[in-house]
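Q: Can you go through this model with me? I'd like to start with the ligand.
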Amino acid sequence: MDEPEPWWTGAVVYQVYPRSFADGNGDGIGDLAGLRRRLDHIADLGVDVVWLSPVYRSPQADNGYDISDYEDIDPLFGTLDEFDALLVEVHRHGMKLVMDLVVNHSSDQHPWFQAAKLSRTCPKHDWYIWRDPVDGHEPNEWRAAFGGPAWSWDPGTGQYYLHMFTPQQPDLNWDNADMRDAVYTMMNHWLDRGVDGFRMDVINHIAKDPAALADGSAAYVMQPRIHDHLQEMHERVFAGRDALLTVGEMPGVTVEDAVLFTDPERHELDMVFQFEHVGLDHGPTSKFDNEPFDLVALKASLARWQTGLADTGWNSLYLANHDQPRPVSRFGAAAVAAAHGFRADPFDLRYESATLLATVLHLHRGTPYLYQGDEIGMVNAGFTAIDEYRDVESLNWFRGAVGRGMPVDDALQALAVRSRDNARTPMPWDDATPAGGFSDVEPWIGMGQGWPRVTVASDRAAGDRSVYEHHRRLIALRHDSRTVRVGDFTLLEADHAALWAFTRSLEDAAEPGLVVVANLSSSRMTLPDAVAERLGRCVLGNLGVPAPDDARSLQPWEARVHEDLG
Ligand code: GLC
Ligand code: CA
């Protein structure tokens, strides 16, 4: 290697969903003051970066992913002064702070959109995407991600505007150079203020093809101009600044595209969030149409991305975020039981499942993203009534599905498995107060079925059965081991239905290679000889280090990292 690897190849990112993290002012909604008071919890894990989901001024139609002022903090979360205080504290803890950047769309309450609606000829009109009606209808058949047409009628201008998400989230027109200037200026302000980078919301949606717009084909993502936009953004915002982190959220991105986006020579992004592995259990009609968990497919998918980005570019690694169900419930013992048709106890082998999944993820090559609550093994919300849900996507889908004749119980069952609210229940800090230390009052969303059984306090007191402690060990291992950071990845036993095994190795062999073995089943597993023979010293395991005679088998949901004897 000629050049040292970029700093983020050794980094671990922790995502905070602020409204569910900690309430500092007693209104039941998490905020910046609450987060600042709880920073030790994040810093003690050893993570390098905090990614903060949106805290900008917003009507909260999509929990802050609808921004009405990009340069101010929403009063719900605090003030710019409180933000600055938080930033100082994050830096004092030796971590970086990455902001969410939501510039595929703004809020319909943003002054830009309010100005754009004034007339067809006012300068800001072209900052959004408008079309005349075609035969009195929407210009094409595009559907919005959260239900309904992607076009809404604006009586003032007599035109439709495009919104890929809710009608309160009009899409910005990236063909307009003045709009792009305004976005770059805003981004520079945040970086000048001291933030360390951006997680870019659905950034591959920003380049839309006017011809595709006209003919109705769904070619709204990944138009070639996306690369021009990102290169321009790089030049206007990131060039010459040190030690930033940029990650683009890209539903539908392919490995081939990801190489282009993250090739350092192209000056676009450091890494992207791809969606392939979190789409494997989606059915043919929608994400609410659940397919059982299939380990062979999951292993193959992640391995494909490891290989695809081995020479050029960089992976981000995640199993969950604020849009996904909890990993323990989705890929853990409960999910495997459900896939085999057994009644699943949501807490069955919870410690083992959470730590196994973390081990496997953190031992891949890439930058791991840890979502709040997963470091203590939180489970899905377990909501059973529609009035427990808050998420606009869940509520819209439920209304539509029941309207089309789906039995209410079936629709609730689908939400219980898939709703984004599964990841949005409050952080359960303790079991001493009614809102689990999250707030003094009733939280904006229920605590979920995990509370009071699963809390930060109880997990941290659990000694060698603490999910948090296990994450701490995994993060320290990445910091210590160049093999973990940049070693080559090779999947072993790809077709095995319950074993997840792979190796990591450095060409120059300056450090021993590693072999990772994990048993995703509720029975004891004897390892295939070809794998067992490789196992050297055990570096780390979620059930401790086995006696040498026991190393050839794995307990239910046991995961271990060994030195590789090759
Ligand atoms: C991204 C966000 C999601 C949001 C959507 C629209 O996918 O992660 O929470 O609803 O974009 O901004
Ligand atoms: Ca609050």
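Q: How many residues surround ligand 1, and which are the closest?
A: In this predicted model, 14 residues surround ligand 1, and the closest are Asp 62, Asp 201, Glu 249, His 322 and Asp 323. A residue counts if one of its heavy atoms lies within 4 Å of the ligand.

Q: Which classes make up that shell?
A: Four nonpolar, three polar and seven charged residues. Asp, Glu, Lys and Arg count as charged, Ala, Val, Leu, Ile, Met, Phe, Trp, Tyr, Cys and Pro as nonpolar, and the others, Gly among them, as polar.

Q: What about polar contacts?
A: Those are pairs of N or O atoms within 3.5 Å. A side-chain N or O atom of Asp 62 is 2.4 Å from an oxygen atom of ligand 1. For His 322, a polar side-chain atom lies 2.9 Å from a ligand 1 oxygen, and Arg 420 has one 2.9 Å from an oxygen atom of ligand 1.

Q: How much of ligand 1 does the protein bury?
A: 96% of the 310 Å² that ligand 1 exposes when taken alone, by the Shrake-Rupley method with a 1.4 Å probe.

Q: Switching to the backbone: where is the cis peptide bond?
A: Between Trp 451 and Pro 452, with omega about 5°. Most peptide bonds are trans.

Q: And what is the phi of Gln 60?
A: Positive, about 65°, although Gln 60 is not a glycine.

Q: What is the mean pLDDT of the chain?
A: 96, with 98% of residues at 70 or more; pLDDT is the predictor's confidence in each residue, from 0 to 100.

How values were computed
Residues are numbered from 1 along each chain as its sequence is written. Chains are lettered from A and ligands numbered from 1 in the order in which they are written. This is a predicted model: local features need pLDDT of at least 70, side-chain atom pairs count only at pLDDT 80 or more; totals for chains, interfaces and linings use all residues. Side-chain values use heavy atoms; hydrogens and water are left out. A polar contact is a pair of N or O atoms within 3.5 Å; within protein, one must be able to donate a hydrogen and the other to accept it, and residues adjacent in sequence count only if both atoms are side-chain atoms.
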